[in-house]
Amino acid sequence: HRLIRRQRQMCIRDREKPPTLLKNPPGTEPYQILTEGYSIPSYKEIDPTILMAITFPIMFGLMFGDIGHGLILLVASILGYIAKVKKIKFGGMIDWWIKASPMMIICSISSIFFGILYGEFLGYAIYAEPWYLPLAQPFAPLRDALAGLFRIYDFDEGILILTDPTYPKYAELPPNGPIFFSPYHEPWVLFVLSVIIGSMHITAGLIIGIINNIRERKYKTAIFDKAIWLWFYLGLVWLVFNRGLTFTNWFATISLIDPAFLLFILPIIVMIFGKMIVEGATEGVFGTFEVLVASISNTISYARILALNMVHAGFAKTFINLGAPGIYYGHTAAEAGHIIVELTPGYFMNMFIGLFLIMVLESLLSFINTLRLHWVEWFQKFYKGDGYRFTPFKIKRRYTIPVKLLSTYTVVK
C-alpha cells in the first residue's frame with residue numbers, strides 16, 4: 001500500500017510539473033554539469049547549457065589571455081581528456097579535472113586566441129618579435145570588428161585608440177603594438193569592453209526570460225517584469241554611452257520626447273504600476289528599486305574581467321622582473337625586436353614559482369569568476385531552476401530465486 005500511495009503522489013506531481021531530461025551536443029557535458037550545479041531547469045525553461053558553452057570560454061579567455069599560459073593549460077587539458085577517454089581514475093581533484101577536460105580545452109584555446117590579440121606570451125610583450133607578425137596577421141580584421149563594436153556603443157575614445165594614428169593614445173599595430181590593445185597599458189579600454197560584454201550578456205538573459213515566461217503562459221510577468229526591464233536596461237546603457245556617466249547630463253533638457261524620459265523615466269513608471277498589478281503595491285515599489293540596483297551593479301560586476309586580467313598580467317610580469325633583472329629588449333640592429341634574457345638560477349626559480357601560481361591559483365580564480373558571472377549576473381535574469389531530473393522507471397533486483405528452488409517454498413497465508 002505504501003508503494004501504491006507513493007506511485008500516486010509521483011503521478012500527481014508529474015501532471016503538475018513534468019521532469020526534465022537534458023540533452024545537449026557532445027562536448028558540452030561539463031557545461032551541463034555547471035548548469036545542474038546551480039539547479040535543474042524546469043520542463044518549460046530554456047536550457048542555458050549551449051549558450052554557456054559559447055560565452056564561458058570567451059570570458060575566461062579575456063581574463064586569462066596569454067599564448068604561453070594558454071598552451072600550458074591546453075597540454076594539461078589534453079592529458080586530462082586522454083585520461084577521460086581511457087577511463088583512468090586518480091581520485092580527488094584530479095578526477096574533476098579529467099571530467100572538465102573538454103571544457104578546459106576550449107577555454108585554453110580561447111586564452112591562446114586572446115593572448116595573440118593582446119600580444120602576450122608568458123607575461124612578455126611579444127608584438128615586436130618577428131615570429132609574432134605572421135601569427136597575428138590573420139587576426140588583423142578583428143581590430144576593425146572591435147572598432148565597429150565601439151561605434152555601436154558610441155565609445156569614441158576606443159574608436160580613436162584603435163583607428164586614428166594621430167591620436168596620442170593610439171594603440172599601434174604590429175610590430176609596434178598588438179592586434180587589439182595591451183590591457184596592461186590600456187586598462188580603461190578593457191574596462192569599457194567588459195561593460196559592453198556584460199550589457200550584451202544581460203540583455204540576452206532578459207530576452208530568454210521573456211521567452212520562458214511566454215512558454216509558461218505567464219504573460220503579465222513577461223510584459224510587466226522582463227520586457228519592461230529590458231526596455232529600461234537598454235535605455236540605461238544608451239544613456240551611459242551617449243551622455244556619459246554624469247547623471248545630471250542625462251536630464252540637461254526636460255521633455256516628454258527626450259530619450260532620458262522615454263528610455264529611463266517612462267519604463268520606471270510603467271514598471272512600478274505593472275508590478276503593482278501583478279505582484280501587489282509593496283512589490284511594485286521595492287521590486288522596481290531592486291531592478292534599478294541590479295541593473296547597475298550586475299553590469300559593473302563584469303569589470304571583474306579587467307580585474308582578473310590585470311592580476312594575471314601583474315603576476316607574470318612581477319616574477320619575470322624579480323627573477324631576471326637582465327631582461328631587456330634588443331637595442332642593436334642584430335637584436336632589434338628580440339627579448340634578451342640572462343638565464344640565471346634566479347630567473348628559472350622565479351619563473352617556476354610564477355608559473356605555478358598563475359596556472360594553479362590565477363586560472364582557478366578566472367574560472368570561479370567566469371562561473372560567478374553566469375550563475376549570479378546572468379542566470380538570475382531568466383533561470384528559476386525549479387525542475388527535477390527525469391529518472392526512468394526501473395525495478396532494482398535484490399536477489400534471484402531459481403525456478404527449481406521456488407517449487408520447494410511454501411506460501412504462508
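Start by selecting S111: leaving aside neighbours within four places in sequence, this residue is in contact (heavy atoms within 4.5 Å) with F60, G61, F64, G65, D66, I67 and G70. S111 sits in helix α5; helices are DSSP runs of H or I with at least four residues, strands are runs of E with at least two, and both are numbered from the N terminus. Is S111 buried or exposed? With 0% relative accessibility, S111 counts as buried, where buried means under 20% relative accessible area, exposed over 50%, and partly exposed in between, with a 1.4 Å probe and protein chains only.

A word on what you are viewing: this is a predicted model, in which local features need pLDDT of at least 70 and side-chain atom pairs count only at pLDDT 80 or more, while totals for chains, interfaces and linings use all residues. Residues are numbered from 1 along each chain as its sequence is written, and side-chain values use heavy atoms, with hydrogens and water left out.

Now zoom out to the whole protein chain. Of its 413 residues, 43% count as buried. Among contacts with a separation of 6 or more, 72% come from residues 24 or more positions apart. The chain exposes about 23100 Å² (Shrake-Rupley method, 1.4 Å probe), and carbon and sulfur atoms supply 69% of that area.

Next, select α8, residues 156-163, and show G158, I159, I161 and L162, which are buried. Look down the axis of α8: its buried residues fall within an arc of 165°, so they line one face of the helix. That arc is taken from the directions from the helix axis to the C-beta atoms.

On a 1 Å grid over the protein atoms alone, a cavity is a set of points where a 1.4 Å probe fits but cannot get out; a pocket is an open set with protein on both sides within 12 Å along at least five of seven lines, and lining residues have an atom within 4 Å of a point. Grid points are joined across faces, edges and corners, and a volume is the space filled by probe spheres set on the points.

Select M93, W96, W97, M104 and L364 to reach the largest pocket: of its 25 lining residues, these are the closest to its centre. Its volume is about 770 Å³. Which helix gives the most to this lining? That is α5, with eight residues; α2 (29-38), α4 (67-85) and α15 (345-378) also supply at least two each. The lining has 22 nonpolar, two polar and one charged residues. Here Ala, Val, Leu, Ile, Met, Phe, Trp, Tyr, Cys and Pro count as nonpolar, Asp, Glu, Lys and Arg as charged, and the others, Gly among them, as polar.

There are two cavities of 30 Å³ or more. For the largest, of about 80 Å³, select its lining residues, including G65, D66, H69, N309 and H312. Helix α14 (residues 304-323) supplies the largest share, four residues.

Finish at the second largest cavity, with about 50 Å³ of space. H69 and A316 are among its lining residues, and they also line the largest cavity. Here α15 gives the largest share, five residues, and the lining has seven nonpolar, three polar and no charged residues.
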